[in-house]
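Subject: The structure I promised you

Hi,

Here is the structure we talked about, so please open it and keep it beside you while you read.

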Amino acid sequence: MIKLENDWDAFLEEETAKDYYRELRRFLVNEYKTKTIYPKAGDIFNALKFCPLANIKAVILGQDPYHNPGQAHGMCFSVKNGIPPPSLVNIYKEIDDNIKSGDKGSRNGDLTAWARQGVLLLNTLLTVRKNSPLSHKDKGWEIFTDAVINALNKREKPVVFLLWGAPAQKKAALITERRHHILRAAHPSPLSAFNGFFGCGHFAKTNEILNAAGEPPITW
């Protein structure tokens, strides 16, 4: 049984008992035995581990983990003290252009500090084969991460959802917008960043929403 020692454990106990997750687990056991899979098994649920449900202020949705060696560690867009990939470089650029003053976080690629401040860095798929993007699509992770979003949507306390790109924006259908806040923009990848990500202002807007609610802003 998966234990994170925080308030996601009750959710995980219920969700991992379902038939779809049991099938997903059987698939993953074989994948990890026979192929190179990212992130390492102990890091799969880091997004939930480092960001308890009660602490969540904002959610950033990614697609699937980085598929190159030494990058993925269980949180979308984050790398473990490595060279930031192009999408993350663009995220940092937007932050620096967006937030002209005040505290900013480090730029070493590891976004764990965001998670500890209440930013859930959730990929739609939580695992991937080496050098094979979307290789774990339609295996059950989509059901699991939809359930995570549904759990957040049930909260009375508002959450800011940052949805970048068409796949992430499809998740808006799961969110009650009259209670929560949805910010939409293009994906930060080099292919689309200039088509609506740069200049979106999402980082300042998130902090404005948090300030208005009496919550401490995020040190991006």
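Predicted model: local features only at pLDDT ≥ 70, side-chain atom pairs only at ≥ 80, totals over all residues.

**The core**

Let's start in the middle. The largest nonpolar core has 70 residues, and the members that touch the most others are Phe45, Ile60, Trp114, Leu120, Trp141 and Phe144. The helix that gives the most to this core is α6, residues 141–153, with 6 residues. As background, nonpolar side chains in soluble globular proteins tend to be buried together.

Have a look at phenylalanine 45. Leaving out residues up to four places away in sequence, Phe45 touches Ile2, Leu4, Leu12, Tyr21, Leu126, Trp141 and Phe144.

Is isoleucine 44 buried or exposed? Its relative accessible area is 8%, and under 20% counts as buried, so isoleucine 44 is buried. Beyond its neighbours within four places in sequence, isoleucine 44 is in contact with Tyr32, Pro39, Gly74, Leu126, Thr127 and Trp141.

**Helix α6**

Now back to α6. This helix has 13 residues and reaches 18 Å from its first C-alpha to its last, close to the 18 Å expected at 1.5 Å a residue. Its buried residues are Trp141, Glu142, Phe144, Thr145, Ala147, Val148, Ile149, Leu152 and Asn153. What do the buried residues of α6 pack against? They meet α1 (9–15), α2 (19–34), α3, β2 (58–62), β3 (119–123) and β5 (160–164).

Zoom in on isoleucine 149, which sits in this helix. With a relative accessible area of 1%, isoleucine 149 is buried. Not counting residues up to four places away in sequence, isoleucine 149 touches Leu61, Leu122, Phe161, Lys171, Leu174 and Ile175. Take phenylalanine 161 from that list: it is 12 residues away along the chain, and the C-alpha atoms of the pair are separated by 9.8 Å.

**Helix α2**

The buried residues here are Tyr20, Tyr21, Leu24, Phe27, Leu28 and Glu31. Why do I say they are on the same side of α2? Because they cover an arc of only 120° around the axis. On the other side of α2, you'll find Asp19, Glu23, Arg25, Arg26 and Lys33 exposed. The elements covering the buried residues of α2 include α1, β1, β4 (128–129) and α6.

**Helices α4 and α8**

Next, turn to α4 (residues 86–98) and α8 (residues 202–212). These two pack at an angle of about 60°, with their axes 8 Å apart. They are therefore oblique to each other. Where they meet, Ile91, Glu94, Ile95 and Asn98 come from α4, while His202, Phe203 and Ala204 come from α8.

α4 has 13 residues and reaches 18 Å between its first and last C-alpha, close to the expected 18 Å. The buried residues of α4 are Ser87, Leu88, Asn90, Ile91, Tyr92, Glu94, Ile95 and Asn98. Besides α8, these buried residues pack against α5 (112–116) and β5.

Last, some backbone details worth a click:

- Tyrosine 38 and proline 39 are joined by a cis peptide bond, with omega about -10°. Proline 39 is in the loop between β1 and α3.
- Phenylalanine 77 has a positive phi of about 70° although it is not a glycine. You'll find phenylalanine 77 in the loop between β2 and α4, and it is buried, with a relative accessible area of 8%.
- Leucine 134 also isn't a glycine, but its phi is positive, about 65°. Leucine 134 lies in the loop between β4 and α6, and at 35% relative accessibility it counts as partly exposed.

Cheers

Notes: Residues numbered from 1 in each chain as written. Heavy atoms only, no water. Buried < 20%, exposed > 50% of the residue type's maximum accessible area, 1.4 Å probe, protein only. Contact = heavy atoms within 4.5 Å. Core = buried A, V, L, I, M, F, W, Y, C linked by side-chain atoms within 4.5 Å. Helix = DSSP H or I, 4+ residues; strand = E, 2+ residues; numbered from the N terminus. Expected span 1.5 Å × (residues − 1). Arc of directions from axis to C-beta. Axes fitted to C-alpha atoms, helices over the stretch in contact; angles between N-to-C directions. Parallel < 35°, antiparallel > 145°, perpendicular 65-115°, else oblique.
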